[in-house]
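Reader: I would like to learn how to read the features of a model such as this one. Could you take me through them in turn?

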Amino acid sequence: MKTTCEADIRILPGGAVITLSGEIDGHAADTLTQGYERAVADGDPATVVLDFAAVQYINSTGIALIVSVLARARSQGRKVVASGLSDHYREIFDITRLSDFIELFPSIDGAVSQIREAAG
Amino acid sequence: MTSMASSSYHKLASFTVPSEPGNERIALAQVADAVAGQGLPESRLDRLKTAVAEAAMNAIEHGNRNQAEIPVDIEVVAADGDIVVTITDQGGAPEQAGPGEEPDLVRKLAGEQAPRGWGLFLIRHMVDAMDVTTEGTRHTVTLIMRTGAAEEGGPREDHV
């Protein structure tokens, strides 16, 4: 049963948005890694937004992929925020402590507003 | 642990999935269908689905080593206000004895622990109780979730 994940990139002043859709599982590794690389390739964004509003499923391997993206971003001095998580996956971000390191916004609008305010 | 001899014992579903990566999605969908109408609030159904998916993924990958011809057996039972899901592979006892290292995000971010290793951790936090038994090659994970609207909260007990 092949699963799918897609990532669309949007560059903003001071930040980049990675809009994810589909399933974040083992098959999403290349999509997530390459999505992050595309997001930071130009403009050296201070903040990377992971938008999960169109994600239907995240499993433990997907959590590990998110941990890897977070570790990479932190090593490059970037902040990671997330938007659009369902209540269930917000709970999982709390249990795993990802929410200690990734600020959560209910929707992409809140995350983008923060980027714009930070960019002046 | 819930007695299978309970007078309210009622089998809701019994099925198998081939041991192919991704088939945990089939398992969680069929378990969700089986427990529909059993009184699980949506948030607890989401937890059960995550636990089933993680246990099925472990059975497929680690138990049956992605050999499609070896099925993962799944049974769903309602008994005394509990939903009991058993997930069985043919991998025998896991190679690692005793509890594994608890995932620690701080250590993972520092590169001191691999990013993976969240599966069992998630299962334990999603259900009210779990049990792991091995009988010959049959390795079974039992997940227990109470039904009822007043059941929001953490795990009731942990047998692992």
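Reader: What percentage of the 120 residues of chain A count as buried?

Author: This is a predicted model, and within it 44% of the 120 residues of chain A count as buried, a residue being called buried if 20 or more other C-beta atoms lie within 10 Å of its own.

Reader: Which elements make up chain A, and in what order do they run from the N terminus?

Author: Chain A has five helices and five strands, and from the N terminus on they follow one another as β-β-α-β-α-β-α-α-β-α. The radius of gyration of chain A is 13 Å, close to the 14 Å that the globule rule gives for 120 residues, so chain A is as compact as a globular protein of that length.

Reader: Turning to chain B, in what order do the five strands lie in the open sheet?

Author: Strands of a sheet pair through backbone hydrogen bonds, in either a parallel or an antiparallel manner. In chain B the order across the open sheet is β1-β2-β3-β5-β4, with antiparallel pairing, and the edge strands, each pairing on one side only, are β1 (10–18) and β4 (129–135) of chain B. From one strand to the next, the twist averages 15 degrees.

Reader: Over how many bridges do strands β3 and β5 of chain B pair?

Author: Strand β3 (residues 82–89) and strand β5 (residues 138–146) of chain B are joined in the antiparallel sense over eight bridges, and Thr88(B) stands opposite Thr140(B) in β5(B).

Reader: Which strands of chain B does helix α1 lie across?

Author: Helix α1 (residues 24–35) of chain B lies across β1, β2 (71–79) and β3 of that chain, and runs at about 165 degrees to β1(B).

Notes:
Residues numbered from 1 in each chain as written. Chains lettered and ligands numbered in written order. Predicted model: local features only at pLDDT ≥ 70, side-chain atom pairs only at ≥ 80, totals over all residues. Helix = DSSP H or I, 4+ residues; strand = E, 2+ residues; numbered from the N terminus. Rg over C-alpha atoms; globule rule 2.2 N^0.38 Å. Buried ≥ 20, exposed ≤ 12 C-beta atoms within 10 Å, placed from the backbone. Pairing = 2+ DSSP bridges. Axes fitted to C-alpha atoms, helices over the stretch in contact; angles between N-to-C directions. Contact = placed C-beta atoms within 7 Å.
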